[in-house]
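The entries follow the structure shown here.

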Amino acid sequence: MCGIIAYVGPRPCAQLLIDGLRKLEYRGYDSAGVAVHDGSSIVVRRAAGKLSTLQDLVDREPVAGTVGIGHTRWATHGPPSERNAHPHVAGRVAVVHNGIIENHVELKQRLEAQGRVFTSDTDTEIVAHLVDMAMARGLVLVEAVRDALRELRGAYAIAVLAKDDPETIVVAKYASPLVVAIADGAVLAASDVPAILAHTREVLFLEDGEMATLTRAGAKLETVAGEAVERAPTTIRWSLVQAERGGFKHFMLKEIHEQPRAIEDTLRGRVQLESGTCNADEIGISEQDANAVQRVVLLACGTSFHAAMYGRYLLEQLARVPAVVELASEFRYREPVIAKGDLVIAVSQSGETADTLAALKEAKRHGARVLAVVNVQGSAIARAADGVLYTHAGPEIGVASTKCFTAQLAAMALVAIHMGRARNALTAERATALLGELVKVPEKMRHALEQDASVQLIARDLVSSQNALFLGRGVSCPVALEGALKLKEISYVHAEGYAGGEMKHGPLALVDRTMPVVCLLPDDPSLEKMLSNVQEVRARDGRVLAVVNDAHTAASLAQWTITVPRTEPEFSPLITTIPLQLLSYHVADQRGTDVDQPRNLAKTVTVE
Ligand code: AGP
């Protein structure tokens, strides 16, 4: 979603701000802008569309100055256009904003009644007016921002620049991420770490209800209520190189190929093969707590929801603990029944998804203990949870989640095995065998990735299909759902995933010779039943793409076959997912879509 960067320092900053915004492009956006203080006034450059358009504008009409703010906008209030792009200016004040001001209608009415004229459709412009009006009453910038914040309801991360205060930027946040960093005599703020990695890896995460005044002397943190805040910096593990494309045509392709390493990093230091146990401190659940759990409630959205579904299968199978999986967006607005003894697991790549964060808070409000499975260090969900199991997938830039998904699967496997051992549902021998196989999965993923060229050829046959179905049973069911989600989000091909057993209950009506059906057929107890589903598809002339462990499986039935290495049935999703990701990638690439930044989507969904 929207991205923010702010800079106060010794260097001319217009280009620096655009370079920072470029690192946030992956979040999804439709317009961009910068506002720079040139010593006497605030100069704004904004453009609809890609950053290259803003870059051209700034090249044509340069802006001088060493203090500035920048923004990439993902439209919520008002269409993507130059007039709705940030920064928004009112009088002496320029503002960039992520999030949604929920009471914007009433505030706008009030401000218009007071003679304020609005030039955009955005909720953000209200913030600029409120700060400007407070400064007109004589407040200095930080006090004017504080005054404005008291009026706002909703989610915000803001950065504010004022004509009368050329050396200062004030930032604040509530329910939208914001980090502050000090580097080489400069102070920066950003909505997301990659924007500032070129300057430093030491960052200060702001908490909800906090603000910071940035000057060349440093960053002064305080609460909106005015209490001073002392915060030690966090060192970010990710490097700038990890956030580069590294020779691949797209980030998504690079990230698909990074999966073996992502899984190795996620398992490292967490598995004790000899004893068949997992490191409880690393997993984030003590053995005692694992033993006391009566039920697990998994909360997530999108791809992370599919990983949570997989977690449910494994928790029931390996730990014999009842488990339910819930869409966070539904859970937060129901009146969920949370009992003492429930363990809630919130799964999120970004750690910032608004629905998942709100669902987590709802669960905590009901007294549940919450474990977060997240990829982004210091993210809101990580900070709000009682324990954190980090997936160490590294920065994921492509909007379509790939390596973070399989890292989440690995994390789920660790949680299930850990809880299985703690609850004596798994013997040491079985756990040792499972863990021994789990650590071999990355190598098998490497072999699966060798199918890239064959999948690319299959994609040629499928590139003009308008629809596709994905079928799987058991642990392969979430893989089928994920395969369909990947295809639709980056190639815009309509795709649905189903449990194989559901075919006869409706989707079979869609099958004819134009319908490709991707069938997950790893060697597991549901293989025979899945082969019956394949027969049903073939009987209706459907074209089958079979993902198998043995090339002979379904050989006479499938039009296309992709063979991937065999593993323990519990872990097959980590491997069978790979050809599905590659298929989506190649179909999308051949259709010429914007693979890394698909239309209408954002990487980090910080609004409901
Ligand atoms: C994944 O490809 C999607 N972009 C999306 O479904 C994503 O998984 C979802 O928005 C949840 O995000 P999170 O993992 O950051 O919470």
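**Cavities**

I looked up the largest cavity and found 23 residues lining it, with Arg27, Asp192, Ser350, Glu352 and Val376 nearest its centre. A cavity is a set of points, on a 1 Å grid over the protein atoms alone, where a 1.4 Å probe fits but cannot get out; lining residues have an atom within 4 Å of a point. I note that this is a predicted model, in which local features need pLDDT of at least 70, side-chain atom pairs count only at pLDDT 80 or more, and totals for chains, interfaces and linings use all residues. Residues are numbered from 1 along each chain as its sequence is written, and side-chain values use heavy atoms, with hydrogens and water left out.

I then asked where the largest cavity lies. Domain 1 (3-236) and domain 2 (249-439) both contribute to its lining, so the cavity lies between them; the domain bounds come from an automatic or database assignment.

**Ligand**

I next turned to the ligand. Of the 15 residues around it, Ser304, Ser348, Ser350, Thr353 and Glu489 come nearest (near: a heavy atom within 4 Å). I recorded a polar side-chain atom of Ser304 at 2.5 Å from a ligand oxygen atom, and a backbone N or O atom of Gln349 at 2.6 Å from an oxygen atom of the ligand. For Ser401, a backbone N or O atom lies 2.8 Å from a ligand oxygen atom.

I also looked up the ligand's position: domain 2 (249-439) and domain 3 (449-594) both give residues to the shell, so the ligand lies between them.

Note on methods. A polar contact is a pair of N or O atoms within 3.5 Å; within protein, one must be able to donate a hydrogen and the other to accept it, and residues adjacent in sequence count only if both atoms are side-chain atoms. On a 1 Å grid over the protein atoms alone, a cavity is a set of points where a 1.4 Å probe fits but cannot get out, and a pocket is an open set with protein on both sides within 12 Å along at least five of seven lines; lining residues have an atom within 4 Å of a point.
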